[in-house]
Amino acid sequence: MRVLIVDDHPIVASGCRTVFADEPEVVLLEAADAESGERVFVAERPDICVIDINLPTVSGFELARRILARAASARIIMFSMNDDPVFAARAIEIGAKGYVAKTGDPQDLVEAIREVGKGGVYLPSAIARSIAFAGPIFARSPLAKLTSREMEILRLLSAGKSLSEIAWLVHSSYKTVANTSSIMRQKLGVRTSAELVRLAIESGVA
């Protein structure tokens, strides 16, 4: 089983190599950003992709979207420092087969890879419970109003990217990104891009 790890922190890949050192049937492939991750996926067609949400350029959500556009049957596990059920639900919504928080038990990732490798799905029990009982949380969270593409554009805006830069990064037109930014402001009840950025930071998107 070949597993692609897309994470910009070398310690994560190193930790994965240590965890799977005694399992020769697991071959690890590595990439540090969305662009190289997509190239490795196209070239190697790994059985499973483990993708960090917070990558240097576009996010892991955007990479997952691109991979699934190329191969709808791709098996993806999202890996994040954030155990917020809103992010886990978003991962499931875009088509991921699993979600693991880096703050959880290291064994969670091992179990996720095994389960997804067998064709199943995986959520750590704590996150699954959070999602199951998160109705009020979702209702209060402004992020629940946004699509995955809107979340990506919001994250890039909060990172200081211009609309032109965002259009290039997400493979879209300037007009589309500008329209999306306007729609987000309407959805979230803010008037300026500065207010959007502040909301992103407060919500943990930045």
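The buried residues of helix H8 are covered by parts that include helix H3 (60–70), helix H4 (85–94), helix H9 (163–169), helix H10 (174–188) and helix H11 (193–202). Helices here are DSSP runs of H or I with at least four residues, strands are runs of E with at least two, and both are numbered from the N terminus. H8 itself spans residues 148–158, and ten of its eleven residues are buried, where buried means under 20% relative accessible area, exposed means over 50%, and partly exposed lies in between (1.4 Å probe, protein chains only). Among the buried residues of H8 are Met-151, Ile-153, Leu-154, Leu-156 and Leu-157, but also Glu-150, Glu-152 and Arg-155. Just after H8, Gly-160 takes a positive phi of about 90°.

The model is a predicted one, in which local features need pLDDT of at least 70 and side-chain atom pairs count only at pLDDT 80 or more, while totals for chains, interfaces and linings use all residues. Residues are numbered from 1 along each chain as its sequence is written, and side-chain values use heavy atoms, with hydrogens and water left out.

The domain assignment, which comes from an automatic or database source, divides the protein chain into domain 1 (2–134) and domain 2 (142–203). Their C-alpha centres lie 24 Å apart. Twelve residues from domain 1 and 14 residues from domain 2 take part in the contact, with contact meaning heavy atoms within 4.5 Å. About 1,100 Å² is buried between domain 1 and domain 2, and carbon and sulfur atoms give 48% of this area; buried area is the accessible area (1.4 Å probe) that two parts lose on being put together, summed over both.

Leaving aside residues up to four places away in sequence, Ile-51 touches residues including Val-6, Leu-63, Ile-67, Ile-76, Met-78 and Phe-79.

Asp-52 lies in strand E3 (residues 48–52). An unreviewed UniProt entry places the feature "modified residue: 4-aspartylphosphate" at Asp-52; UniProt positions are given in the numbering used here, feature names are shortened, and annotations may be inferred rather than shown by experiment. Asp-52 has 2% relative accessibility and therefore counts as buried. Beyond residues up to four places away in sequence, Asp-52 touches Val-6, Asp-7, Asp-8, His-9, Gly-60, Phe-79, Ser-80 and Lys-102.

Arg-66, found in helix H3, counts as buried at 5% relative accessibility. With residues up to four places away in sequence not counted, Arg-66 touches Glu-35, Glu-38, Val-58, Leu-169, Val-170 and His-171. Glu-30, in strand E2 (residues 27–31), is partly exposed, with a relative accessible area of 40%. A polar contact of 2.4 Å joins the side chains of Glu-30 and Arg-17; such a contact is a pair of N or O atoms within 3.5 Å, where within protein one must be able to donate a hydrogen and the other to accept it, and residues adjacent in sequence count only if both atoms are side-chain atoms.
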